[in-house]
Structures are given as C-alpha cells and as structure tokens.
Amino acid sequence: MDKRDFSGIEVSAKELVVALEREGRRMALKTFDNTTQGHQAILGYLRRAGRTARVCLESTGVYGLDLALALARAGLEVVVANPRAVRHFATAMMQRSKNDRLDAAVLLEFALRMPFRAWVPPRPAVLQFHALSRRLEVLKERRAAQVTDTTRAPLLGDLRRSLRSLGRAIARLSVEAVKIIDHDPQLKLRFDC
C-alpha cells in the first residue's frame, strides 16, 4: 500500500484552502489563515505517522512562499506549479468555474495525476535579495508621490521631509542589496549580465 497522501492548497493573501486525499479518501476541505500559525496548523493536519504527503500549490509570489518553505522544511514533497499549467489542466478537466474551493480541488487532482517535479527552495541569499527588492519597490512607489499646484504649503514641507527620508532608506537598502549580490557568485553573474 502506498503511504503517501496528496494535497492541493489554494493560496490567497489571507487564507489557505486545503484539499486532501488520505488513503484514497477525499477529506472535507479545510481553511487556514495564511499566517505562521496557520502554516503550523496545516503541517499538523497533513503529517501522519508513517506517511508522507505530496502537496501542490500554485506559484503565487510572496503569498505562498512562506508556506512552501515551511512544507519543504518539514520534509513534505512540494510542487509549486506554474499557474498557466494549472489553468490548462483545469480546462482539460472541464473545470471552468473558479473559486478558492474549486481551485484547491484542481490542485489536488494536479498533484495526483501530473509527474512529480520537486520544488527547490531558493537559497538564503536569493530570499534575502528578493525581500530587499520588494521593500525597495514599495519605497520607490511611495517616493513617486506627486506634488501638484493645489498642494498647500504645510503639506509641501511634510512631503519634502518624507521624500528625503524615503531617499535615505532607498540608498541604504540599495547598498545592502549590492552586498548580497557581491557575496553570492550566482547572483553576481546574473546581475552582471
């Protein structure tokens, strides 16, 4: 008897919908918060003595990264599927409706039927670089605040102070990003290209 369970997890910013097949039986869908505590609860739900689990989730950027890392660190088999491949898979299954519960079920079917391609977690330097890059992007968007002809004097002073502060933060984080790149040969090669 195969001692592997299969799961599909639909990831959103606030919650995770888990579809699970254990010993050939479909379990009721469960919803967890997309938080560290929610990730731990999912691990408790998926792990069983003497069994392993293969978990499929879509590549959703930052919303699913912490969950994928937690699953991989716990020794579960993780597939982070390309959303386009999952969408085509769903279409082939005649599944045209879309909501979190249906998507979790499609991801479970994907885990059951498609060849297993293990997700390889990014190296720590890459994770650090991505986190810095995301923060820099947010700061640069905030700095792009527009001053218009209707902006009143008290607001102008405050905006100028904020823009100077954002500029200093951007400069400081940019230096840190370059340090990470310089200390990682693979990142350095990609950056130089």
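With which residues is His39 in contact, leaving aside its neighbours within four places in sequence? Contact here means heavy atoms within 4.5 Å. By that criterion, and with those neighbours set aside, His39 touches Leu16, Asp33, Asn34, Asp66, Leu67 and Ala70. The structure is a predicted model, in which local features need pLDDT of at least 70 and side-chain atom pairs count only at pLDDT 80 or more, while totals for chains, interfaces and linings use all residues. Residues are numbered from 1 along each chain as its sequence is written, and side-chain values use heavy atoms, with hydrogens and water left out.

His39 belongs to helix α1; helices (H or I, at least four residues) and strands (E, at least two) are DSSP runs numbered from the N terminus. With a relative accessible area of 7%, His39 is buried, a term that stands for under 20% relative accessible area, against over 50% for exposed and the range in between for partly exposed (1.4 Å probe, protein chains only). Between His39 and Ala72 there are 12 Å in space, C-alpha to C-alpha, and 33 residues in sequence. The buried residues of α1 are Gly38, His39, Ile42, Leu43, Tyr45 and Leu46. These cover an arc of only 160 degrees around the axis, which puts them on the same side of α1; the arc is that of the directions from the helix axis to the C-beta atoms. They pack against β1, β2, β4, β5 and α2. Exposed residues Thr36 and Gln37 are carried on the face of α1 turned away from its buried side.

Rings of Phe, Tyr and Trp (its six-membered ring) pair if their centres lie within 6.5 Å, and planes under 30 degrees apart count as stacked, over 60 as edge-to-face and the rest as tilted. Across the whole structure, two such pairs are found. In one of them, Phe32 and Tyr45 have ring centres 5.9 Å apart and planes at 45 degrees, so the pair is tilted. Phe32 lies in strand β4 (residues 30-33) and Tyr45 in helix α1 (residues 36-46), and the pair links these distant parts of the chain, 13 residues apart. Both Phe32 and Tyr45 are buried. Phe89 and Phe110 form an edge-to-face pair, with 5.2 Å from centre to centre and 80 degrees between the planes. Because Phe89 lies in helix α3 (residues 83-92) and Phe110 in helix α4 (residues 100-113), this pair ties together parts that are 21 residues apart in sequence. Phe89 is buried at a relative accessible area of 11%, and Phe110 is buried at 9%. Tyr45 also has Arg22 over its face, at 5.9 Å from the ring centre; a charge sits over a ring if NZ of Lys or CZ of Arg is within 6 Å of the ring centre and within 35 degrees of the ring normal.

In soluble globular proteins, nonpolar side chains tend to be buried together. A nonpolar core is taken as a set of buried Ala, Val, Leu, Ile, Met, Phe, Trp, Tyr and Cys residues joined through side-chain atoms within 4.5 Å. The largest nonpolar core has 21 residues, and those with the most contacts inside it are Ile9, Ile42, Leu46, Val55, Leu57 and Leu71. Two or more residues come from each of β1 (4-11), β2 (15-22), α1, β5 (52-58) and α2 (62-73). The most is given by α2, with five residues. A second, separate core of 15 residues includes Val17, Ala81, Val106 and Phe110.

In α3, the buried residues are Val86, Phe89 and Ala90. Seen down the axis, they fall within an arc of 100 degrees, so they line one face of α3. Their cover includes β5, β6 (77-81) and α4. Turned away from this buried side is a face with the exposed residues Arg84, Arg87 and Ala92.

Helix α5 buries Ala125, Val126, Leu132, Leu136 and Leu139. These residues cover an arc of only 150 degrees around the axis, which puts them on the same side of α5. Among the elements covering them are α6 (153-182) and α7 (185-192). The face turned away from the buried side of α5 carries the exposed residues Glu137, Glu141 and Arg142. Asp184, in the loop between α6 and α7, counts as buried at 9% relative accessibility. Leaving aside neighbours within four places in sequence, Asp184 is in contact with Arg123 and Ala125.
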